[in-house]
Amino acid sequence: MKKQTFLFILFVAVSHFYVVAQVDKYKDIIQPDGLKNKKYFFTVSGISDVELIKPINLNLGMSFNGGIRILYKPKFNKSKSVYSPRIIEREIFFKPTFGFIYRKRYNTSLFFIPELAYRHTFYKGIFLEINLDAGYLYTKMNAPVYEQQDDGSFKKVNFGYHNVLVGGKFLAGYDFSKTLKTPLSIQAGAGVFYRYPNNDKWVRHIYFELGISYVFRKIVE
């Protein structure tokens, strides 16, 4: 009886180590889905520029941008199975952005911003993003405007005004392409930008943004 018990325990131990060895053998051969991939996106967003005066004014606009990934560093998170790891995406994007903001009875602002963004996407698809902006803003008056000259006369402004624009924003959203294989993502956030010159001063603007993106994601072997 003791001999049979010993052989049984020995058999169980050998089987256990064999199974562990097999798992360790193949876990490096089977590559996690989505670890290596190419990713781009195109985004359309609605903008609400807030003027903090009395009464508070909301000026609406839109922006269009593309996301070109220039750095990708995935991170493994612990999961119950080695064959389905939780992958966190850490990415840096270059985002050329065009858009406009319409201010009724005042001006229409057209802007171009080559944004630089860091995005942190959790394994379930929720992401956080921070953007740094620096670009160009052109304001065209919506009604005839005249400027007083040095001699006291008035001259009609036929064009608009050129501005330097700097700022940043914070976004949060959900990337459906990461878990549901649907090539869409949604995001919302707020930001601030400064434009110069405006009466020879840097003028601050606070704005909110809500957008939807089409995501191009391709697995790389």
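A salt bridge is defined here as a side-chain nitrogen of Lys or Arg lying within 4 Å of a carboxyl oxygen of Asp or Glu. Under this definition, K39, R69, E89, E91, D175 and R217 are linked in a network of salt bridges, and the total count is twelve. The structure is a predicted model, in which local features require a pLDDT of at least 70 and side-chain atom pairs count only at pLDDT 80 or more, whereas totals for chains, interfaces and linings use all residues. Residues are numbered from 1 along each chain as its sequence is written, and side-chain values use heavy atoms, with hydrogens and water left out.

Confidence is expressed as pLDDT, the predictor's confidence in each residue, from 0 to 100. The protein averages a pLDDT of 83, and 81% of the residues score at least 70. Helices (H or I, at least four residues) and strands (E, at least two) are DSSP runs, numbered from the N terminus. Among these elements, strand β10 has the highest mean pLDDT, 96, while helix α1 (residues 2-26) has the lowest, 49. Over residues 16-30 the pLDDT stays under 50, and for this stretch the model has six contacts (heavy atoms within 4.5 Å) beyond four places in sequence.

One of the pairs is E89 with K39, whose closest N and O atoms are 3.6 Å apart. Burial is judged by relative accessible area: buried means under 20%, exposed over 50%, and partly exposed in between (1.4 Å probe, protein chains only). E89 is buried, with a relative accessible area of 1%, and K39 is buried at 1%. K95 takes part in two further pairs. With E115, the closest N and O atoms are 3.8 Å apart; E115 is in strand β5 (residues 107-121) and K95 in strand β4, 20 residues apart. With E129, the N to O distance is 2.6 Å; E129 is in strand β6 (residues 126-141), 34 residues from K95. Both K95 and E129 are buried, and E115 is buried at 2%.

The interior also holds nonpolar groups. A nonpolar core is a set of buried Ala, Val, Leu, Ile, Met, Phe, Trp, Tyr and Cys residues joined through side-chain atoms within 4.5 Å. The largest such core has eight residues: I47, I101, F111, I113, L137, L165, F193 and Y207. Leaving aside neighbours within four places in sequence, I101 is in contact with residues including D49, N59, L60, F111 and F193.

A cavity is a set of points on a 1 Å grid over the protein atoms alone where a 1.4 Å probe fits but cannot get out, and its lining residues have an atom within 4 Å of a point. The structure holds two cavities of 30 Å³ or more. About 140 Å³ of space lies in the largest cavity. Of its 13 lining residues, the closest to the centre are I47, F111, I113, F193 and Y207. Strand β5 gives the most to this lining, with three residues.

Two backbone features remain. The peptide bond from Y196 to P197 is cis, with omega near 0°, and P197 is placed in the loop between β10 (184-196) and β11 (203-219). K181, although not a glycine, has a positive phi of about 60°. K181 lies in the loop between α2 (176-179) and β10 and is exposed, at 57% relative accessibility. Most residues other than glycine have a negative phi, and most peptide bonds are trans.

How values were computed:
On a 1 Å grid over the protein atoms alone, a cavity is a set of points where a 1.4 Å probe fits but cannot get out, and a pocket is an open set with protein on both sides within 12 Å along at least five of seven lines; lining residues have an atom within 4 Å of a point. Grid points are joined across faces, edges and corners, and a volume is the space filled by probe spheres set on the points.
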